[in-house]
Structures are given as structure tokens and as C-alpha cells.
Amino acid sequence: MKKIIMMVAVAMMAATNVKAQEGYDDTKHEVAVSCGAFSNSQWIDVLENMATIIVGATYDDEKFFGPISAEYFYHAKSWLGVGGIFVFGRGTQDMYLAGKKDGKATNTYYTLMPAAKFNWLRKKHFGMYSKVAVGATLRSESIDSDDPQSKDYSDTGIHVNWQISALGIEAGSPKLRGFVEVGVGEQGLGQIGVRYKF
């Protein structure tokens, strides 16, 4: 009888070890870098340009660098990560008034957001999750005028910003993974990046 109990106990321990290996609960920390497209800041630039058309201003050679993100999460639970996200973006464009080039406008965005990540599936080589973040953006605006009669202009301001990633998919090794996310906010409608877990 003792032998049978011992064999059952060993079998249960082996089954528990196999189940633990199937999941991915060993890592508590993760860092990631990513790039996205169509962030909140890009939409702000577009809407402002549309508004200034009323006063006769036009824009050309519009470029937006970013959003580039860095993030950190600590997994208090296997399904819940808490941490923060930093996002950088910069838009530049040539300004024209009455058909004449008036200068170059640059808007730079620095965003910091506390965040939470919800893991729907957390395996050693694959995962699915959602993410939400709310924070603030420091916006630095400058205009370098080509007109000697006009002065250069600069200003800074802070506004609320956010990110909701409805679906994220990650795959790779237990520690290093690539990922894609679909959502809306300061990290963009979509983003792609690399994540390291430890």
C-alpha cells in the first residue's frame, strides 16, 4: 500500500512539473522597445494643420518620426503586469503663407504613462495580451522663421495622453520575443517591437 501511495505521489509531482513547464510563470520582469504608426500626437499635428488652413497657411514636406516606445512591466501575477511606458515622437514640416515659404515648424512629444498589461495566454514561446496606459505628454513646439522680419517662436505645454492595445501577440524564445500590437493611442494604431523577459 505504501508503494502505491508513493508511486501516486511521484506521478502527481511529475504531472505538476510538466504543467508548470507548459506555462510561463518564471519571469517577473520584462522590457521592450517598439515603433508604431498613427499616434495621438500625429493626429494632433494633422488637426492643427487643418485648422491653420483657414488663415491661409499651408504645409509641405511633412514628416513624423516615431512613435518610438520603451516600456517596463513587473508581473505581480502571471496574468497581470504593472509598469510604465515612455514614448517619443517628432513632427516637422515646412510652412507657407500666401504661397511663400515662411519657415519650418517642429513639434516634439515626450510621453510618460503608468500602465497595466493583462496576459490572456502566457506560454514559454507564445503569448497574447491586452494593455492600457494613461499619463501625460510634454509637447515642445518651435517655429524657425525664414522671414528676417519675423521672430522665431517656441512654446511648451502638457496634456493628458493614453494608450489602449486591444490585442498583442508575442512569440520567440522564453526570454527574447518579437511582438505586434493593435490598438489606439500614443503608441499608435499598430506597433511592432522586441521584448526581453527576465
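**Exercise 1.** Determine which element gives the largest share of the lining of the largest pocket in this predicted model.

*Solution.* Begin with the lining itself, which consists of F38, Q42, W43, D45, V46, N49, E62, K63, F64, G91, T92 and Q93. The largest share, 5 residues, comes from helix 2.

**Exercise 2.** Decide whether L112 is buried or exposed, and find its contacts beyond four places in sequence.

*Solution.* First locate L112, which belongs to strand 4 (residues 100–122). Its relative accessibility is 58%, and because the cut-off for exposed is over 50%, L112 counts as exposed. Then look past its sequence neighbours within four places, and L112 is found in contact with I85, F86, G135 and A136. Of these, A136 is 24 residues from L112 in sequence, while their C-alpha atoms are 5.8 Å apart in space.

**Exercise 3.** Decide whether N119 is buried or exposed, and describe what surrounds it.

*Solution.* N119 also lies in strand 4. Its relative accessible area is 8%, and since buried means under 20%, N119 is buried. Leaving out residues up to four places away in sequence, N119 touches H75, S78, W79, L80, M128 and Y129. For S78, the backbone oxygen lies 3.3 Å from a polar atom of the N119 side chain.

Terms used. Residues numbered from 1 in each chain as written. Predicted model: local features only at pLDDT ≥ 70, side-chain atom pairs only at ≥ 80, totals over all residues. Heavy atoms only, no water. 1 Å grid on protein atoms, 1.4 Å probe; cavity = no way out; pocket = protein on both sides within 12 Å on 5 of 7 lines; lining within 4 Å. Helix = DSSP H or I, 4+ residues; strand = E, 2+ residues; numbered from the N terminus. Buried < 20%, exposed > 50% of the residue type's maximum accessible area, 1.4 Å probe, protein only. Contact = heavy atoms within 4.5 Å. Polar contact = N/O pair within 3.5 Å; in protein donor to acceptor, adjacent residues only side chain to side chain.
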